[in-house]
Amino acid sequence: VLPSPDEPVPSVSITEIRQYLRAQDIPFHDGYSCLHTPSLFTGDRGDQPLSANAPFTLFIDKTTGSFLCTATLAEGTWQDFQANVELRHRGITPIPPASSEEMEEEMRQAREDARCIWERALPLWELLDEKETKETKALFGISMVTDATLKRFGVRYLRTARSLVFPWFSPQDATLKGLKLVRVEKKGGTVTYVEETLPRFDSYRNLFGLPLIGRRDTELVLTGLELDALALHQAAGVASLALPRGASCLPPTLLPYLEQFKRITLWLGEDLRSWEAAKLFARKLSLKRCSLVRPGNLQPRPLEALNQGLNVTKILRSALLASHKSIVSFRQLREEVFGELVNTEQVSGVKWARFPELNKLLKGHRRGELTIFTGPTGSGKTTFISEYALDLCMQGVCTLWGSFEINNVRLAKIMLTQFAGRRLEDQLELYDEWADRFEELPLYFMTFHGQQNIKTVIDTMQHAVYMYDITHVVVDNLQFMMGHEHLSVDR
């Protein structure tokens, strides 16, 4: 749930952050998405000024002011940072903001569960016999991936779950923090990867492959899937990392780990959704250092490229610069236009699985479009829209709900019932199982209710878009948000 409206997200501008650091004599330099300073939480204590010779391991997000110290993993808001600077002036050792006990307990439990699974999983090259190894590799489409690559990235196989296991090691002390399990589901001719993470998806922040990155590496390829990171390293010898939740979002807490790279190539996948996501992420990472690999027939995702024997290095060289000028000629748009003609199905957006008739009318959910549903009170607008949004959310469309008419508890109850497809009040013993699955969805609720100041609502939406890469916002409904007295003004 986003911060409540009583205490709106305290916004801070990059100018204010710079002025504050100068006023406090804190040395800093400007990075791509963060400001870098020496950490308050390491080394010298007390009221000594921070030395410019100390390693700059504390990163302040230029958009939100949140900070992360990569040496101690201390993190917090801009207000927390200021509070710690004050403590330091008084000669008191700064204390990293603590997360809630519940959160700590959940992370501890996840680490424990991850350790048990990790110990039961086998390195892929050590399965019973060569036949089993070959069959497993073929199932995941990684027959071309060598044992040396699998060993380097520490990939294991959990026989009981028929899943590949990708570890999340702490960048600080290399302990196991969590895991991602990936299994294959075949429906007809299509193969889909089903992922499960420990801890749960909003706390799973693993940049897979991070421990293998050297201090001197300045170029990086970011991918959407762990297997693609393996393929890239093997085929092109490049530093490659996989994002924790693929093309669905790039959590701002990961930005500090990407600051050392002068050039980042985003090769997230082979469909238009990955391409849209890559353009969005490039804005967060700073356009001037990003290049994008455009999906196309001869540019599938990295693992496919390896399997088809394509020249991966050549594809990386042909990546397009993300920062384009304000005026372009058709020549520069030519490839994009061709891409739209080839992928007409994908261009029309994410299809609804539950509403085939709606696909005929709207074709799909596309970014940057507004759809208005109207109807008299009690005609089922909220019920329908909650299922309409849920359908997309289950397909990985990050969704933000602003329910100004009914409260979030009631809305979540409606959505959970629609998600489970059953009356849970008659089967309470199933509640936890469905609630756990529902919690995995990229779904967020604004905590407003009734009439609101439009600016506050817009600020909250913008914050959510930056933090969670929201691509679908639902406002239910306009009348309640605006209040009745505003209806005479230009809506």
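1. Glu-439 and Arg-200 form a salt bridge, their closest N and O atoms being 2.2 Å apart; the term denotes a side-chain nitrogen of Lys or Arg within 4 Å of a carboxyl oxygen of Asp or Glu. Glu-439 belongs to helix 15 (residues 431–439), whereas Arg-200 sits in the loop between strand 10 (190–198) and strand 11, so the pair ties together parts that are 239 residues apart in sequence. Helices (H or I, at least four residues) and strands (E, at least two) are DSSP runs, numbered from the N terminus. Glu-439 is partly exposed, at 40% relative accessible area, and Arg-200 is likewise partly exposed, at 25%. Here buried means under 20% relative accessible area, exposed over 50%, and partly exposed in between (1.4 Å probe, protein chains only).

2. On the basis of the model, it is a predicted one, in which local features need pLDDT of at least 70 and side-chain atom pairs count only at pLDDT 80 or more, while totals for chains, interfaces and linings use all residues. Residues are numbered from 1 along each chain as its sequence is written, and side-chain values use heavy atoms, with hydrogens and water left out.

3. A second salt bridge joins Arg-354 to Glu-387, with 2.7 Å between the closest N and O atoms. Arg-354 lies in the loop between helix 11 (344–347) and helix 12 (356–362) and Glu-387 in helix 13 (residues 381–393), so this pair links parts that are 33 residues apart in sequence. Both residues are partly exposed: Arg-354 at 28% and Glu-387 at 22%.

4. Within helix 3 (residues 101–120), Glu-119 and Arg-115 are four residues apart and therefore separated by about one helical turn. Their salt bridge has its closest N and O atoms 2.9 Å apart. Glu-119 is exposed, at 54% relative accessible area, whereas Arg-115 is partly exposed, at 36%.

5. Across the whole structure, the search finds 25 salt bridges.

6. Strand 11 (residues 219–223) is mostly covered, four of its five residues being buried. Strand 11 runs parallel to strand 13 (residues 263–267), and five bridges join the two; strands count as paired if DSSP finds at least two bridges between them. In strand 13, Trp-267 is the bridge partner of Thr-223.

7. Strand 11 also pairs in the parallel sense with strand 12 (residues 240–242), over three bridges, and Val-221 stands opposite Ser-240 of strand 12. From strand 11 the chain passes through helix 6 (residues 226–236) to strand 12 in a right-handed β-α-β crossover, that is, with the strands pointing away from the viewer, the path from the first strand over the helix to the second runs clockwise.
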